[in-house]
Amino acid sequence: MSPDGSTVAIATSNTDVAAVRLADGEVIGRDESRRYRGLSFSKDGSQLLTFTESEIRLYDARSMAKIKQINRFSDTPGIVGMQLEQRN
């Protein structure tokens, strides 16, 4: 739930996350990805962070527009690495 209590983010299935405005139940936006492991709002409620086993996504919580995505760029055992991709 956002800090101001106006929006809740829910994983509707293993591959779908949605932001819902509590005042009227409207789905603000949704995104399909991979199996979500968790999600969290920023302190001011303006952004939503989701993560899976292999990526992190940052959204504008008011529209669910993707701000940033961090992907694993190496699946080589023993090597840890992330790559930042920003979408406008």
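This is a predicted model: local features need pLDDT of at least 70, side-chain atom pairs count only at pLDDT 80 or more; totals for chains, interfaces and linings use all residues.

Biologist: Why is D16 called buried?

Modeller: Buried means under 20% relative accessible area. D16 comes in at 8%, so D16 counts as buried.

Biologist: And what makes D16 and R30 a salt bridge?

Modeller: The cut-off is a side-chain nitrogen of Lys or Arg within 4 Å of a carboxyl oxygen of Asp or Glu. For R30 and D16 the N to O distance is 2.7 Å, so the pair qualifies. The two residues also link distant parts of the chain: R30 is in strand β3 (residues 27-32), D16 is in strand β2 (residues 16-21), and they are 14 residues apart.

Biologist: Is R30 buried, exposed or partly exposed?

Modeller: Partly exposed, because its relative accessible area is 44%, and that class lies between the 20% and 50% limits.

Biologist: How many salt bridges turn up in the whole structure?

Modeller: Five. One of them joins D24 and R21, at 3.2 Å from N to O. R21 also forms a salt bridge with E26, where the closest N and O atoms are 2.3 Å apart.

Biologist: Why are R21 and E26 called partly exposed?

Modeller: R21 has a relative accessible area of 31%, and E26 has 40%.

Biologist: Let's move to R57. How do you know that R57 counts as buried?

Modeller: Its relative accessibility is 9%, which is under 20%, so R57 counts as buried. R57 lies in strand β6 (residues 55-60).

Biologist: Which side chains make polar contacts with the side chain of R57?

Modeller: D31, at 2.4 Å, and E55, at 2.8 Å. The limit for a polar contact is 3.5 Å, so both pairs pass.

Biologist: How is β6 joined to β5?

Modeller: Through a hairpin of three residues. The two strands run antiparallel, and five bridges join β5 (residues 47-51) to β6.

Biologist: What makes β5 and β6 a pair?

Modeller: Pairing needs at least two bridges. There are five here, so the strands pair. Within β6, Y59 is the bridge partner of L48.

Biologist: What else is L48 in contact with?

Modeller: Leaving aside neighbours within four places in sequence, the contacts of L48 include A9, F41, R57, Y59, A61 and M64.

Biologist: Which residues make up the largest nonpolar core?

Modeller: There are ten: A9, V17, A19, I28, Y36, F41, L48, Y59, A61 and M64. In soluble globular proteins, nonpolar side chains tend to be buried together.

Biologist: And how much of the protein chain counts as buried?

Modeller: Of its 88 residues, 36%. The accessible surface of the chain is about 5,700 Å², with 49% of that belonging to carbon and sulfur atoms.

Biologist: What is the secondary structure of the protein chain overall?

Modeller: Zero helices and eight strands, in the pattern β-β-β-β-β-β-β-β along the sequence.

Note on methods: Residues are numbered from 1 along each chain as its sequence is written. Side-chain values use heavy atoms; hydrogens and water are left out. Helices (H or I, at least four residues) and strands (E, at least two) are DSSP runs, numbered from the N terminus. Buried means under 20% relative accessible area, exposed over 50%, partly exposed in between (1.4 Å probe, protein chains only). A polar contact is a pair of N or O atoms within 3.5 Å; within protein, one must be able to donate a hydrogen and the other to accept it, and residues adjacent in sequence count only if both atoms are side-chain atoms. A nonpolar core is a set of buried Ala, Val, Leu, Ile, Met, Phe, Trp, Tyr and Cys residues joined through side-chain atoms within 4.5 Å. Contact means heavy atoms within 4.5 Å. Accessible areas come from the Shrake-Rupley method with a 1.4 Å probe; for residues, only the protein chains shown count as cover.
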